[in-house]
Amino acid sequence: MMAILRSALLGFGMIAAVFAGPASGQEQSGDLDWRPRVAVPAYATGGPLVRVDEGHGSAQTIDGRYAGFAALMRADGYTVDAGQGRLDTPDALDDVAVLVISNPTAPEDGSSLSAYDAAEIEAVAQWVAGGGSLLLAADHAPHGVAAEALAARFGVRMGKGYAFQQVGADLTSNLDFPRQALADHPIIAGRSADERVERIKTFTGQSLDGPVGAVVLMAMSVDAFEAPDQAALQTIRQRLRAGEPAQTVFAELARPALSAQGVAFTFGEGRVVVLGEAGMLTAQIVRFPDQPDREPFRFGLNTEGHDDQQFALNLMHWLSRVLP
C-alpha cells in the first residue's frame, strides 16, 4: 500500500508543471463531458444566483475550466452566470447570492499587480458586509499576488508561492487533507452524515492565514513548506533527488507554509470562504495532441479518491445559507 502511494506521489511533479501552464505539446481545458449528479439537491429549481467573475483575466470560466463547477452548482439547483465587467458598478452584484472569484490575474498592461483596484475592492467588501457571500480561490504564483489586495481587505494573508510537502527524496504540491486536518464546521459536516467530508485533495496551490476568528477548514501540515515560484520548486526537487539534505535545501529556497489552504469566516452580515487552490473546484483534462497514443489525464472534481465534490457543495450551501 505504501509503495503504491509513494509511486503515485512521485508522479505529481508533471501535474504541478501543468498547473503552472501547459507545457509544449499539452492542452489543458475543462472536461466538458463530465456530468455531475447530486443525490439531494439544495434547490429543486431556480435557486440563488451564483456569479463567477470573468472580468479580471481569469482562465476559470464557466464555459471552460470552471464548466465542471458550474455544472455541479446547476445540478444542485443554483442559477449560475458570468460577470464580465467591473465590480463597483451599480448593478454588478444585484441579485447575486454568492460571488465566485477564481484565479484573477493582474492587468496585461502592467499598470498594477492587483487584479482589482481600490474602488472594486471596497465595493465587494461593502457588499459582503451588507449580507453578500464571497468565494475567493487563488492558487499558486502569480495568482496570490493578483488577489492579495482583495484578500487583505478581508484580513486574509496569502503565501503567494507553491505550497508543498516532502515525500522521501522528492516532493509533492498535490496535498491531501485527511479528516484530522479538517475543521469542525458545517462546511465539513454537511446537512447529514452522508454529506460529511472525510478527505480533501488539492492540486498545486498556496497557503493562507485567515483573520482573527476565522475557521481553518483545511490545516496545513507542520512539515509543509512554500516555494516562491515554480523555478524554485523545481530546483528543490532536483536537489532533493540529488541527495542534498532537505533541511539545507528548504532553508535556502523555501519558507514554512502558512496555517491553512482554506478558511471560512463571517464579515459583517456576510460570509467568506477563501481557498489557496482553485483546481479542486474544477473538472479538467490534459490532452497530448503530439502523442496521439497517450491517454489524457484528469484532475479535480472529475476524479475519485477524495470528497472534493461534496466539499464544493457544502461550502456553497454555507455561503448561500442552506447550512447554518
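Which residue forms a salt bridge with Arg239? The partner is Glu252, with the closest N and O atoms 3.0 Å apart. Here, a salt bridge is a side-chain nitrogen of Lys or Arg within 4 Å of a carboxyl oxygen of Asp or Glu. This is a predicted model, in which local features need pLDDT of at least 70 and side-chain atom pairs count only at pLDDT 80 or more, while totals for chains, interfaces and linings use all residues. Residues are numbered from 1 along each chain as its sequence is written, and side-chain values use heavy atoms, with hydrogens and water left out.

- Searching the whole structure turns up 15 salt bridges.
- Arg239 sits in helix H7 (residues 230-241) and Glu252 in helix H8 (residues 246-253), so this pair links distant parts of the chain, 13 residues apart; helices (H or I, at least four residues) and strands (E, at least two) are DSSP runs, numbered from the N terminus.
- Arg239 counts as buried, at 18% relative accessibility; buried means under 20% relative accessible area, exposed over 50%, and partly exposed in between (1.4 Å probe, protein chains only).
- Glu122 and Arg153 also meet through their side chains in a salt bridge, at 3.0 Å from N to O.
- Because Glu122 lies in helix H4 (residues 118-129) and Arg153 in helix H5 (residues 143-153), the pair ties together parts that are 31 residues apart in sequence.

- Arg191 and Glu195 form a salt bridge whose closest N and O atoms are 2.6 Å apart.
- Glu195 is buried at 9% relative accessibility, whereas Arg191 is partly exposed, with a relative accessible area of 33%.

**A three-stranded sheet**

- Three strands in the order S1-S17-S18 make an open sheet with antiparallel pairing; two strands pair if DSSP finds at least two bridges between them.
- Strand S1 (27-30) and strand S18 (297-300) stand at the edges with a single partner strand each, so one side of each has no neighbour in the sheet.
- From one strand to the next, the twist averages 25 degrees; axes are lines fitted to C-alpha atoms, for helices over the stretch in contact, and angles run from 0 to 180 degrees between N-to-C directions.
- Four bridges connect S1 with strand S17 (residues 283-287) in the antiparallel sense, and Gly30 has Gln284 as its bridge partner in S17.
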